[in-house]
Amino acid sequence: MKRRDFIKLSVLVCSTLASTDFLQAKEFNEDDINFSKATFDDNGAQTIIVNMYGGASQLAGNITNIDEIEQHSQNSYSYFRSISKTENGCWKEAGGDYMEKLLANGDMTLYRCCYSAIREKNNNKSHGLCTEQNQKGSFDTNGGGIVTNIAEILDSNGAIDSKTVMPFVTLDGDSNFFAPLNRPLKSYLKATTIDENLDNPYKRARWSVREWFYYTRQEREHEHYNDTDENGGFDPKFSIDMDALAQRHNPNGKIKNAFAKRADLEHFIDEIAKKQTPDLGENSYPDNKFSKKIETAIKLLHKNPDTKIVTLGTGGLGGWDDHSNARDYVTRMEGLFATLHSAMAHLKAVGKDGKINIMVFAEFGRNVNLNSANGWDHGNLQNLYVLGGKDYFSHKGVVGETIVDVTGSLNRLWLKPKQGTYWFEPISIASTLYKLYGIENPEVLTGGNFKVLNILA
Amino acid sequence: MQKRFLNYLFTIILAFLLLGCGGATNSATNGSTINEGNSNSDSSNNNANDEFSKTEYKGLVFYHKNLPSSNYKLEQVDNNTFNSLSGAQKLKVANKLLNTLYFGYPLKELKEKIASGTFISDIQNGLNVDSTDREWLENYILNDDIFRQYTSRYYLPQVNTILARFYAAKKLDKYYYENWVAYTLTQTIMFSPAYELTNTHTPDISNVYNHLVNMLEVDSGMRFITYVHMMSEDNWRRFRSPEDNGREMLEIYLQDANDSHVPLAGQALKNWSLNEDGDTLEVGLNKNTKPIHLFGKTIYTGEDFYRELVKSSAFTRGVTNRLVAFFFPNKTAQERADIASKIVSSKPETWQDILTQIIFSKEYLLNNHRAQSAEETFFSLAKKMDYRVKRDSILRFREALDSMHQAAMKYKLGKIERVPLDTLSFAYYHKFIRMSVLLKHADASQTNHDAWSYSGWQDSFVDFDKFSNDSRDDVVSLRGLVNYLFETILGRDAKEDEQQFFKSHMIEQRDGKELFKSEFNIFVTRDDPQDEEKRRRDNKLRIVISVLDYISRLSETYSQMEVK
């Protein structure tokens, strides 16, 4: 299952399913925002958001309740070849060993109770709406995306400006993180898309731009007319003017923006591609597409401190909508955490584990009943994994305890926060991001006073 | 043919009944439904006295004739409306309509059709009439000499064939339209074959698509088509557990995301599962016997669930919303709801009732703007430009769609964002249209269908008789050629600054006159007539390439604009 499928669903369902409980967020007023440039500068944060589209099960990071789950589950968990508990109650075969290493090194906080009481009340376990809410950081889906809000606020407070190079990047195309406000967003604040291989479709084939008849007679007589770029070769003025004229006629919008960024991206991507990953030895990245994404994101953030947020999905590992044959989930989680473990090694190797953080979450977690198809249906409690960012995060290890809620009805077996334990609504992730980037009163954006996670001072 | 297919469908239904998936008797435990008094089933209202549509199963009417356009509630562009537009507006509207249908005509032919005064009704009526030689067409697109036939699933041959059909079809007729409807539906969340999933298999692509075409051909109603699709293995490979399938069917077709309905659907579907062995749909005999209250009815089995789902009034609203969102992505939620309400009030019972109503509407043809899909751009350009494909061109197009994130039939939830315009996706879109279409000129002397130079637009596209020119006036002739290219591709003349741009590069002052520079001189004279013809052709080619390159950099090329 691909990330795009899930983000796209949200567009359809949001209009009919918007919660009535939270109608105050909408578009924020700049005057209502308390922005601290000092916090923004001190943190100097750069974030990689990893979205586990489809709704990943929380069990990899939490099998503390597995015995009770097994008692009540429709199908037996013996379906999985092996379920071993690690020291902190993680699923050893599903990335648990890597989680333990990250926890032991103080590189990660594993939150086990990202739970939504509000969705429970509203009977909402829909991919589309939950994804949209999480990515907009509000139960009111009328507003803009988290990244859009941050972009506007940083810009209006002079923290970034038109000289900032690619402040927001996605490796997975458009998503609700970048959902627009009703007012137009300045071109340089819009997200730029790249791919993990740093393919460069932005580049126009030289021969197609340097047709001899594009050059004037005078240009053809220039000494460097036949030379390569390195030796002074140049594009014909006709082609350059062609771009300019077309852009004068192109109406404002995404296509004009894409054309505007094309030439810059052509060079930017080449520059990133030249950047080498240090030798990570035994911590080197596993060979999969998701690893390439994370590696590329870190190379990009390292090379370009102007980039503040990069979003990506877990494409390459597979989707997380494990309604059936969930055995693959184990392999996927192992691949995910092997990669995250390498990513931390990469960050340390380039001295960026203080500034760059990685947040990993989904639209929701899953039901823990192993259903008739040996899968899990939608749930309402998930894990949040926060890595790195050690200059501003004080990692807490494992946070939160769960209990099993046995409803007695078919296929309705849930994990829920244990009474008195630390838990939070998924919107708290947005609150934390806002705070991290200097917004002192995130409640104005989230439409509710959702707690800022306890790792942020 | 119709009777044969009808029998085939009955066989499917009977098979389900005999396998215990449905309830053929009236006993509650065998899966009948009890109406709880909510009159939410309106599926059999329209044609109650119509002999044709009396074939039904528990209130689910199988066949419906398309509504006459006079029944449409969404205001339509008719001949009068169209004819009252300015010449430039007519061209834009005509292009918008044809591009939407992945079709196009060379400029001269299009102008003649517009001038007839019956352009709209001719197109619309044509969609109801069979005029394609289907046997020829189907053989042609499977001809390995013309379209390379791949056997490996890696190359997704099923998608290639479907795309090749749109390129090869010569007439905008009933068969073409049924294919277009099927293609449109398979791009949406409702019928996407979802070949990206590990559980799906490439034959699912042709199964979903071809079943749609076959059922449309015999006037099957949209409820019946959906009912058959939901119960298919193809659909179960997409949504694979009772709770998953039940949830998604409710959400996709009814836009019902109430989680409390999901366990009810799961209960009704409890004996349905996708067996890991070959990803096979397996329906057990341990069907549900407890009454379940859904859709204002009491249902029992999975078959009850699917049947009553499509019979419910929320179905029409749900599927209409899906299609309105697909064609009007930039309208506000309220505007989309208003459009959908009008369509629903016309009581559509076929997919054509919704789709035809949309694409001939004023709201769509005059007031809508959106990014144009790559299929709309490519297929229409191919027809307008006399574009010749080489053996693997369609495969390359299919791959390019993937890069643009507009892949056909790939995504689990369809193309909800039909034309992604993030910088990377658009860069691939622009690259394909620029390099593989607009700047791709076919070498007339090339006869090898595998050769790179075989594909591209042909010289006939820019024959001297296609644009106004005067060998005594270079400036007028350049202007004529530029305008011809603009009108063909964009449906408008070049603006004055655009004309000046090309003029300043291609015309020079010589002997006190404004004349073509030598490399652009389309009237060059030589003693040798063959040499002269070649030079004229080459010089014209340079102008055409330059203008088309500029056009490739305009957002209009990738957009359907409002016609103001």
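## Exercises on a predicted two-chain model

Residues are numbered from 1 along each chain as its sequence is written, while chains are lettered from A and ligands numbered from 1 in the order in which they are written.

### Exercise 1. Overall build

Describe the extent, burial and secondary structure of chain B, then treat chain A likewise.

Solution. 

1. Along the principal axes, the C-alpha atoms of chain B fill a box of roughly 95 × 50 × 45 Å.
2. Chain B contains 24 helices and 13 strands. Helices (H or I, at least four residues) and strands (E, at least two) are DSSP runs, numbered from the N terminus.
3. In chain B, 53% of the 564 residues count as buried. A residue is buried if 20 or more other C-beta atoms lie within 10 Å of its own, exposed if 12 or fewer, and partly exposed in between, with C-beta atoms placed from the backbone.
4. Chain A has 15 helices and 10 strands. Its radius of gyration is 24 Å, close to the 23 Å that the globule rule gives for 457 residues, so chain A is as compact as a globular protein of that length.
5. The C-alpha trace of chain A spans about 85 × 50 × 40 Å along its principal axes, and 55% of its 457 residues are buried.
6. Of the contacts in chain A with a separation of 6 or more, 77% are between residues 24 or more positions apart. Two residues are in contact if their C-beta atoms, placed from the backbone, lie within 7 Å.

### Exercise 2. The sheet of chain A

In what order do the 8 strands of the open sheet of chain A lie, and why is strand S5(A) largely enclosed?

Solution. 

1. The order is S4-S3-S5-S1-S6-S7-S2-S8 (chain A), with mixed pairing. Two strands pair if DSSP finds at least two bridges between them.
2. Strand S4 (192–193) and strand S8 (397–399) of chain A are the edge strands, each pairing on one side only.
3. Strand S1 (residues 46–51) of chain A runs parallel to S5(A), joined by 5 bridges; here Ile48(A) has Val310(A) as its bridge partner.
4. Strand S3 (residues 168–170) of chain A is also parallel to S5(A), over 3 bridges, and Phe168(A) is partnered by Ile309(A).
5. An antiparallel pair occurs as well: 6 bridges join strand S2 (residues 108–115) to strand S7 (residues 381–388) of chain A. In S7(A), Gln382(A) is the bridge partner of Cys114(A).
6. In a regular strand the side chains alternate between the two faces of the sheet. For S5(A), Ile309(A), Thr311(A) and Gly313(A) are buried on one side, and Val310(A) and Leu312(A) are buried on the other.
7. Strand S5 (residues 309–313) of chain A is largely enclosed by the rest of the structure because 5 of its 5 residues are buried.
8. Helix H12 (residues 289–303) of chain A lies across S1, S3, S5 and strand S6 (356–361) of chain A, at about 175° to S5(A). Axes are lines fitted to C-alpha atoms, for helices over the stretch in contact, and angles run from 0 to 180 degrees between N-to-C directions.

### Exercise 3. The contact between the chains

How many residues does each chain give to the contact, and which element of chain B gives the most?

Solution. 

1. Chain B gives 54 residues and chain A gives 61 residues.
2. The elements of chain B that give two or more residues include helix H12 (242–254), strand S4 (272–275) and helix H24 (529–552).
3. H21(B) gives the most on the chain B side, with 8 residues.
4. The chain B side divides into 23 nonpolar, 13 polar and 18 charged residues. Ala, Val, Leu, Ile, Met, Phe, Trp, Tyr, Cys and Pro count as nonpolar, Asp, Glu, Lys and Arg as charged, and the others, Gly among them, as polar.

### Exercise 4. Positive phi

Is Leu156(B) buried or exposed?

Solution. 

1. Leu156(B) is not a glycine, and its phi is positive, near 50°.
2. Leu156(B) sits in the loop between helix H6 (134–141) and helix H7 (157–168) of chain B.
3. Leu156(B) counts as buried because it has 23 C-beta neighbours inside 10 Å.

Conventions. Predicted model: local features only at pLDDT ≥ 70, side-chain atom pairs only at ≥ 80, totals over all residues. Rg over C-alpha atoms; globule rule 2.2 N^0.38 Å.
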